[in-house]
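This briefing is for a reader new to the structure shown below. It begins with the terms and then goes through the topics one by one.

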Amino acid sequence: MHIDWAALGSVFGVSLVATVGLVGLFTLGIVGLSKRESASAQGGSATLAVTGAYVCFAACAAAVAYGIFLIVGK
C-alpha cells in the first residue's frame, strides 16, 4: 500500500481553510445580527449589519449546497 502524502496534505490544507472560512463567515453573520439587537435597544437601526449578516448566511448555505452537489454528483 502506497500513501500519497502530498495529496493527503493538500486535502488536509484545503479542508482546514474551508472549515475556518465557513466558521468565520457564520460568526460574522451572528455578529451582524447581534448588532441589530443592540441598535434596536438604543433606538436606531442596523440595516447594513443585518444585510451583511444575511449575505454571510447565504454564502454559508451556498458553500454547503456546493459541497453536497460535489458529493452527490460523483
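Helices (H or I, at least four residues) and strands (E, at least two) are DSSP runs, numbered from the N terminus. This is a predicted model, in which local features need pLDDT of at least 70 and side-chain atom pairs count only at pLDDT 80 or more, while totals for chains, interfaces and linings use all residues. Residues are numbered from 1 along each chain as its sequence is written, and side-chain values use heavy atoms, with hydrogens and water left out.

**The two helices, H1 and H2**

- Helix H1 covers residues 5–41, and helix H2 covers residues 47–73.
- H1 has 37 residues and reaches 54 Å from its first C-alpha to its last, close to the 54 Å expected at 1.5 Å a residue. The expected span of a helix is 1.5 Å times one less than its number of residues.
- Just after H1, glycine 43 has a positive phi of about 90 degrees.

**Where H1 and H2 pack**

- Buried means under 20% relative accessible area, exposed means over 50%, and partly exposed is in between (1.4 Å probe, protein chains only).
- The buried residues in H1 include Gly29, Gly32 and Ala39, and they pack against H2.
- In H2, Val50, Ala53, Cys56 and Cys60 are buried; the buried residues of this helix pack against H1.
- Glycine 32, in helix H1, counts as buried because its relative accessibility is 7%.
- Leaving aside neighbours within four places in sequence, glycine 32 is in contact with Ala49, Val50 and Ala53. Contact means heavy atoms within 4.5 Å.
- Glycine 32 and phenylalanine 57 are 25 residues apart along the chain, and their C-alpha atoms are separated by 10 Å.

**Aromatic pairs**

- Rings of Phe, Tyr and Trp (its six-membered ring) pair if their centres lie within 6.5 Å; planes under 30 degrees apart count as stacked, over 60 as edge-to-face and the rest as tilted.
- A search of the whole structure finds 2 aromatic pairs. One of them joins phenylalanine 26 and phenylalanine 57, with ring centres 5.1 Å apart and planes at 55 degrees, so this pair is tilted.
- Phenylalanine 26 is in helix H1 and phenylalanine 57 in helix H2, so the pair ties together parts that are 31 residues apart in sequence.
- Phenylalanine 26 counts as partly exposed, at 41% relative accessibility, and phenylalanine 57 also counts as partly exposed, at 22%.

**The nonpolar surface patch**

- Patches are made of residues with over 30% relative accessible area and no salt bridge; like charges are joined within 9 Å, and nonpolar side chains (Val, Leu, Ile, Met, Phe, Trp, Tyr) within 5 Å. A salt bridge is a side-chain nitrogen of Lys or Arg within 4 Å of a carboxyl oxygen of Asp or Glu.
- Leu22, Val64, Ile68, Ile71 and Val72 form a nonpolar patch on the surface, and together they have about 480 Å² of accessible area. Accessible areas come from the Shrake-Rupley method with a 1.4 Å probe, and for residues only the protein chains shown count as cover.
- Helix H2 gives the largest share of the nonpolar patch, 4 residues.
- Valine 64 is in helix H2 and counts as partly exposed because its relative accessibility is 46%.
- Although valine 64 and leucine 22 are 42 residues apart in sequence, they are 9.1 Å apart in space, C-alpha to C-alpha.

**Other positions along the helices**

- Valine 55 lies in helix H2 and counts as exposed, at 51% relative accessibility.
- Alanine 18 belongs to helix H1 and counts as partly exposed, at 42% relative accessibility.
- Alanine 18 and serine 45 are 27 residues apart along the chain, and their C-alpha atoms are separated by 32 Å.
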